[in-house]
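Subject: Structure for you to look at

Hi,

Here is the structure I promised to pass on. Please open it and keep it beside you while you read my notes below.

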Amino acid sequence: MGWDYALVHLYYNIPPAALLTACYYPFYTKIDVYKVLFLVIIAVVSTTPWDSYLIRHRIWTYPSDAIVGPTLFNIPAEEIFFFIIQTYNTSLLYLLASKPTFHPIYLRGDKLLHDGRRLRSWRWRGAVFLVAAISSGVAMIAGNGRGLYMGLIIVWAGPFIFMLWMLAYQLLINLPASNTLFPILAPTLYLWLVDTIALRRGTWVIQSGTKLGWHLWDGLDV
């Protein structure tokens, strides 16, 4: 039994949640509550089987002295809380960033973009790219060695991204970057830093034989 993972939440995940809640509180509506709750439920339900598989096959592990103890399908309680808090924080950041935006004006149908290419053509280009990415993930899993972990990430996340792209490609292309790139890149960079700290401390461990061996920086595998 240990408190290492719980302290990661206490130091790095709960404070941003409190700050974002305070910032967005004046704008909160019932619809916003339903939106965030829906996304949290989707995150927990979709991630739990995948995370459980990784742990049961020891692709990643949690030292016993880093977690409190209770688990769900072999997943530590702290990890389940991470699914919730990460989704909550990212959802609130998106809501804050997109609050000034009137979304319907960005639904342009099949009109031409500024460069003369049809909007619908981007839909199928994105679809082809995502199918190719998912196929590469399947190949990595089939190799059952270096790249296994990356393959499992791609095959798990790829279908969700594909579905979102096919349904909402117009908005993803046309919305301001402050509505799309910022709510993705800001939490990603922040969680990379948190992940680096946790990996260096051994709060969680990725099995070396399943990684590509490439690093963004010391302590953080691609």
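S91 touches V36 and L39, leaving out residues up to four places away in sequence. S91 itself lies in helix 3, which covers residues 77-98. Its relative accessibility is 8%, so S91 counts as buried; the cut-off for buried is under 20%. Keep in mind that this is a predicted model.

Next, R123. This residue lies in helix 4, residues 119-143. Is R123 buried or exposed? R123 is buried, because its relative accessible area is 18%, and buried means under 20%. What does its side chain reach? The side chain of R123 reaches the backbone oxygen of M166, at 3.3 Å. Setting aside neighbours within four places in sequence, R123 is in contact with W165, M166 and Y169.

Which elements each supply at least two residues of the patch? They are helix 6 (181-201) and strand 5 (215-217). Helix 6 gives the largest share, three residues.

Look at W217 in particular.

Best wishes

How values were computed: Residues are numbered from 1 along each chain as its sequence is written. This is a predicted model: local features need pLDDT of at least 70, side-chain atom pairs count only at pLDDT 80 or more; totals for chains, interfaces and linings use all residues. Side-chain values use heavy atoms; hydrogens and water are left out. Helices (H or I, at least four residues) and strands (E, at least two) are DSSP runs, numbered from the N terminus. Buried means under 20% relative accessible area, exposed over 50%, partly exposed in between (1.4 Å probe, protein chains only). A polar contact is a pair of N or O atoms within 3.5 Å; within protein, one must be able to donate a hydrogen and the other to accept it, and residues adjacent in sequence count only if both atoms are side-chain atoms. Contact means heavy atoms within 4.5 Å.
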